[in-house]
Amino acid sequence: MKRPFLHRIALIGVFLIAVAALSAGVWRYGYLQALDQLARQGRADLALASDRLVGQLQRYRELAVLLADHPVMEALARGEDQAAASELFLNVADKTAALDVMYVDAAGLVGAAAHIAPGADLSGASYIRRSQQGALGWGHAIGSPLQARAYYYAAPAFGADGRVTGSVVVAVSISSIEDAWRGGFRSVFFTDDAGAVFVTNRTDLVGWTRSPDGAGLQPDDGRTLAFDSYETGGHEVWQVGWGPYLPENALHLTKQLPVIGLTGEVLLDVTPARRLAALQAAALAALCLAFGALLFLATERRRTLAVANMALEERVARRTAALSETNAALRAEAAEREEAQTALARAQEDLARASRLSALGQMSAGISHELNQPLMAIRSFAENAVQFMDRDQPERAAENLTRISDMARRMGRIIKNLRSFSRQQTEPVTRVDVVAALDTALEMTGPRLRDLQTRVSFERPDAPVWAQGGEVRLVQVFVNLLTNALDAMKDAGSPALEIAIEQGAMLQISVRDFGPGIAEPEKVFDPFYSTKEVGASEGMGLGLSISYGIIQSFGGDIRVENCDPGARFVVGIRPWEAQEAA
């Protein structure tokens with residue numbers, strides 16, 4: 001009993017140590033990642049503050065250069081117009097917010113100024129010495145000569161002979177620049193070559209100087225405020241305690257600004273980074289402990305789950321066998337359905353062909369008359385042509401031969417339409433001219449139209465109207481519609497047909513008769529539905545049902561509506577488009 005208990009205690013101890021090590025690693029990684037992100041933000045903030053300071057200072061550099069070319073400088077070089085120059089400098093200082101504007105002669109003495117008294121000696125200032133050499137000078141000082149923190153730009157003034165006659169000095173108040181920075185989110189300060197803080201958004205740091213040993217900063221009272229620093233992940237972290245407005249643990253970043261002779265520095269509080277890393281480590285530790293608890297419970301339930309798994313596998317095997325049998329039965333049923341569908345398609349095609357042949361049978365008397373008339377005319381014209389040849393009248397004989405040729409072409413067109421109408425069509429949907437199909441149907445039903453003296457109104461488009469379908473099957477639909485319309489008007493006094501084609505997203509072909517209309521339009525497309533008398537020889541009521549199936553196979557529809565008087569059948573089919581052809 002004791003040994004297994006100790007074994008479990010040892011395993012738990014090892015697990016806790018591993019969790020602690022892993023959490024420490026996650027904390028370290030998260031802390032370094034947070035420092036990297038903080039450093040990127042800090043560099044951006046320091047660059048923004050540095051650019052802002054440089055931009056604010058360099059405005060006054062341009063002012064010094066501009067004033068150096070003013071004509072009053074020549075008078076000052078001769079020792080004249082000091083009062084006028086001082087008034088000019090005062091006006092410029094007031095308008096530009098400069099701390100002071102002054103003219104320093106070649107000896108380094110102030111000749112005229114906005115505020116400082118003339119005669120002050122600036123010959124020892126580095127910016128004056130540089131400007132006396134003909135270059136733009138700059139520098140900074142705390143106290144002398146203006147008793148304030150100021151940044152100076154000195155532009156050389158040249159005489160007519162090209163020699164430096166003096167310098168125009170513009171002094172910038174650092175305090176006025178810092179006023180807009182007070183209370184900034186980051187602790188930013190700028191130090192000179194001696195390590196003294198010259199510009200900062202934290203007033204407490206002004207004038208502080210880094211100690212010679214680099215172990216801290218010394219304020220004006222001579223004290224040394226110690227701090228500790230260490231490197232982690234390539235970053236320098238300061239541990240300071242210099243006041244309520246500075247972070248106790250801060251990431252330290254620097255940026256050299258040679259254009260103004262200062263170094264920008266920023267202190268970024270690392271407390272949020274440590275807090276984030278601690279949260280990540282705590283979350284991982286909680287997750288690992290939860291996982292360990294679950295693993296312990298899972299181990300205890302392992303045997304039970306193994307038994308349940310075996311039972312489940314047995315049930316799955318039985319279910320898989322049953323599903324396999326069902327799948328085989330479904331495949332057999334699908335094969336049977338495919339065979340039945342194929343047989344149905346063949347039966348529908350045979351039924352459609354039978355309907356066409358039935359229609360031909362009904363039109364046989366009229367077609368025979370249409371063929372008999374040209375034959376009799378051909379015979380008569382041929383006999384007359386022989387007589388004209390015997391009488392040596394070849395012109396009259398040629399006229400008769402021309403008429404015989406026209407009659408033969410007419411008979412050939414009729415026979416061609418009959419052959420096309422009667423053949424079995426199994427081609428896929430292709431491009432069909434709706435106007436030509438209507439003309440063919442009108443020509444095939446022409447004998448009945450003339451027999452009933454039917455007036456046909458058809459606004460035929462000037463160009464072909466292309467649709468998706470099959471030529472023979474589309475002609476069959478139109479023949480069925482025309483035949484039904486004629487059957488409905490056989491007792492009408494003045495039968496008439498109106499045919500129209502409307503083009504749009506769907507082609508709409510309408511056929512209207514002026515008969516008695518349809519009593520039950522909702523049943524007109526049902527198989528074996530007919531308005532004719534029982535036992536009539538005109539048909540079995542399958543024509544419109546077959547036509548409905550043909551139009552649906554083209555992706556269209558067919559509908560009927562009663563008019564006053566008569567009825568209108570509207571066939572809607574899809575127009576042929578170029579992309580469909582591709």
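Pro 565 is found in the loop between strand E20 (557–562) and strand E21 (567–573), where helices (H or I, at least four residues) and strands (E, at least two) are DSSP runs numbered from the N terminus. The peptide bond that leads from Asp 564 to Pro 565 is cis, with omega near 5 degrees. The structure is a predicted model, in which local features need pLDDT of at least 70 and side-chain atom pairs count only at pLDDT 80 or more, while totals for chains, interfaces and linings use all residues. Residues are numbered from 1 along each chain as its sequence is written, and side-chain values use heavy atoms, with hydrogens and water left out.

Most residues other than glycine have a negative phi, and most peptide bonds are trans. Ala 97, although not a glycine, has a positive phi of about 65 degrees; this residue is placed in the loop between helix H3 (82–96) and strand E1 (100–105). Gln 453 is likewise not a glycine and has a positive phi of about 55 degrees. The loop that holds Gln 453 runs between helix H11 (446–451) and strand E16 (455–458). Gln 453 counts as exposed because its relative accessibility is 69%, given that buried means under 20% relative accessible area, exposed over 50%, and partly exposed in between (1.4 Å probe, protein chains only).

An open sheet is formed by five strands in the order E2-E1-E5-E4-E3, with antiparallel pairing; two strands pair if DSSP finds at least two bridges between them. Strand E2 (110–113) and strand E3 (137–143) are the edge strands, each of which pairs on one side only. From one strand to the next, the twist averages 25 degrees. Helix H3 packs on this sheet and touches E1 and E2, and its direction makes about 50 degrees with that of E2. Contact here means heavy atoms within 4.5 Å, axes are lines fitted to C-alpha atoms, for helices over the stretch in contact, and angles run from 0 to 180 degrees between N-to-C directions. Within the sheet, nine bridges join strand E4 (residues 148–158) to strand E5 (residues 164–173), and these two strands run antiparallel. Val 164 in E5 is the bridge partner of Phe 158.

Antiparallel pairing also links strand E11 (residues 228–232) to strand E12 (residues 235–239), through five bridges. Asp 228 stands opposite Gln 239 in E12. The hairpin of E11 and E12 has two residues between the strands, and in this hairpin Gly 233 takes a positive phi near 60 degrees. E12 is joined in turn by four bridges to strand E13 (residues 249–257), again in an antiparallel arrangement. Here Glu 236 stands opposite His 252 in E13.

Helix packing was examined next. Helix H10 (residues 434–444) and helix H12 (residues 471–488) pack at an angle of about 50 degrees, and their axes are 9 Å apart. H10 and H12 are therefore oblique to each other, since angles under 35 degrees count as roughly parallel, over 145 as roughly antiparallel, 65 to 115 as roughly perpendicular and the rest as oblique. Their crossing is right-handed; a crossing is left-handed if the near helix is turned anticlockwise from the far one by less than a right angle, and right-handed if clockwise. Residues of H10 in this contact include Val 434, Ala 437 and Leu 438, and those of H12 include Leu 474, Val 475 and Phe 478. The residues of the contact of H10 with H12 comprise eleven nonpolar, one polar and no charged, where Ala, Val, Leu, Ile, Met, Phe, Trp, Tyr, Cys and Pro count as nonpolar, Asp, Glu, Lys and Arg as charged, and the others, Gly among them, as polar.

H12 also meets H13, and the axes of these helices come within 9 Å and cross at roughly 145 degrees. The crossing in which H12 passes H13 is left-handed. Among the residues that make the contact are Arg 473, Leu 474 and Gln 476 of H12 and Gly 543, Leu 544 and Ile 546 of H13. By class, the contact of H12 with H13 has seven nonpolar, six polar and one charged residues.

Asp 526 is placed in the loop between strand E19 (507–513) and helix H13 (543–553). Asp 526 counts as partly exposed because its relative accessibility is 36%. The C-alpha atoms of Asp 526 and Gly 543 are separated by 9.8 Å, and the two residues are 17 residues apart along the chain. Ser 510 lies in strand E19 and, at 14% relative accessibility, counts as buried. Not counting residues up to four places away in sequence, Ser 510 touches Glu 498, Ile 499, Ala 500, Arg 568, Phe 569 and Val 570.
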